[in-house]
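Biologist: I should like to take a close look at a single helix and its surroundings. Would you please describe which residues it turns inward, which it turns outward, and what lies at its ends?

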Amino acid sequence: MTLQANIPLIYQTLLKAYGSQGWWPISFADGGPLQDCDSRGYHPGDYDIPLDDTQKLEIAVGAILTQNTNWNNVVSAMASLASANLFSMQGLLHGKIEQIALAIKSAGYYNQKTQYIRNFVCFLQGFPFKKLEGESTETVRKMLLDIKGIGPETADCILLYALKRPSFVIDTYTRRILSRMGMISETASYHSIKKLFESFLEKDLVVFQEYHALLVHHGKHYYSRKPYGNGDQILRSQSFCGNSEEVTAS
DNA sequence: GCCCAGGAGCCCG
DNA sequence: CGGGCTCATGGG
């Protein structure tokens, strides 16, 4: 079994097991949750999200807040930003640093993240979403990576979910799942894993969004930092692992 | 108390 | 370029 065959096969298997996810969660933009979303803000089947700049901002801020952080902590941080009337371009641009930091405290690393968010909205002020839409994906990605506080994963989340560009997101669960299945080395670079997915999948926005969301969902269940339980009951039932060329660093 | 969570920057060899 | 350190809260 080759990587070329495994990458699409894992997607099909996870999609069949869990169904479409409907990421990125939206809960606060424009005053409240979406009409058709579940309690987590998921909106399966609705690929028109984000509808406006407010929702795009929520996605980007959420992507920064969730860096190495449980999503529940991010939700309460965003709720408190919203109730302090700070969850808007004006609020995030001109609100007092200490006030924003206090509001997002529950998300952890709150001093850094306050500055990261401020850096991002300062960038957005000079280069709003509408203007970004006129640039190529690679150009936008480079601009995002120049912002202090936005690394490869956060940049790809903003590209994939806020700007609707087919840029595959590699997160800790994706890395861990593929690594434990013997498909990549533990030290494989972000770029090499990203290229792995992007070269063996059709360049399709919905596929990229769903695949990433499915990997996170699956990872939360079977791939904690320390392996536990009976292991992966979904992917291990297939014959993915072994006998495939492994991707190493670079 | 310990471990974990949808990373990123910085410094050092 | 890679490895180790720092940043921090809330839930299990």
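Predicted model: local features only at pLDDT ≥ 70, side-chain atom pairs only at ≥ 80, totals over all residues.

Modeller: Helix α3 comprises the 13 residues 71–83. The buried residues of α3 are Trp 71, Val 74, Ala 77, Met 78 and Leu 81. These residues lie on the same side of α3, because they cover an arc of only 115 degrees around the axis. Their cover includes α2 (53–65), α4 (89–94) and α5 (97–103). On the face turned away from this buried side, α3 carries the exposed residues Asn 72 and Ser 83.

The two ends may be considered next. At the start of α3, a side-chain oxygen of Asn 70 comes to within 2.8 Å of the backbone nitrogen of Asn 72. After α3 comes Asn 85, which has a positive phi, near 65 degrees.

Helix α2, part of that cover, contains Lys 56, which forms a salt bridge with Asp 53, their closest N and O atoms being 3.5 Å apart. Because Lys 56 and Asp 53 are 3 residues apart in α2, about one helical turn separates them. Lys 56 also forms a salt bridge with Glu 133, where the closest N and O atoms are 2.8 Å apart. This second pair links distant parts of the chain, for Glu 133 lies in the loop between α7 (129–132) and α8 (137–145), 77 residues from Lys 56. Lys 56 is buried, at 11% relative accessible area, whereas Asp 53 is partly exposed at 41% and Glu 133 is partly exposed at 40%.

Methods. Residues numbered from 1 in each chain as written. Chains lettered and ligands numbered in written order. Heavy atoms only, no water. Helix = DSSP H or I, 4+ residues; strand = E, 2+ residues; numbered from the N terminus. Expected span 1.5 Å × (residues − 1). Buried < 20%, exposed > 50% of the residue type's maximum accessible area, 1.4 Å probe, protein only. Arc of directions from axis to C-beta. Contact = heavy atoms within 4.5 Å. Polar contact = N/O pair within 3.5 Å; in protein donor to acceptor, adjacent residues only side chain to side chain. Salt bridge = Lys/Arg side-chain N within 4 Å of Asp/Glu carboxyl O.
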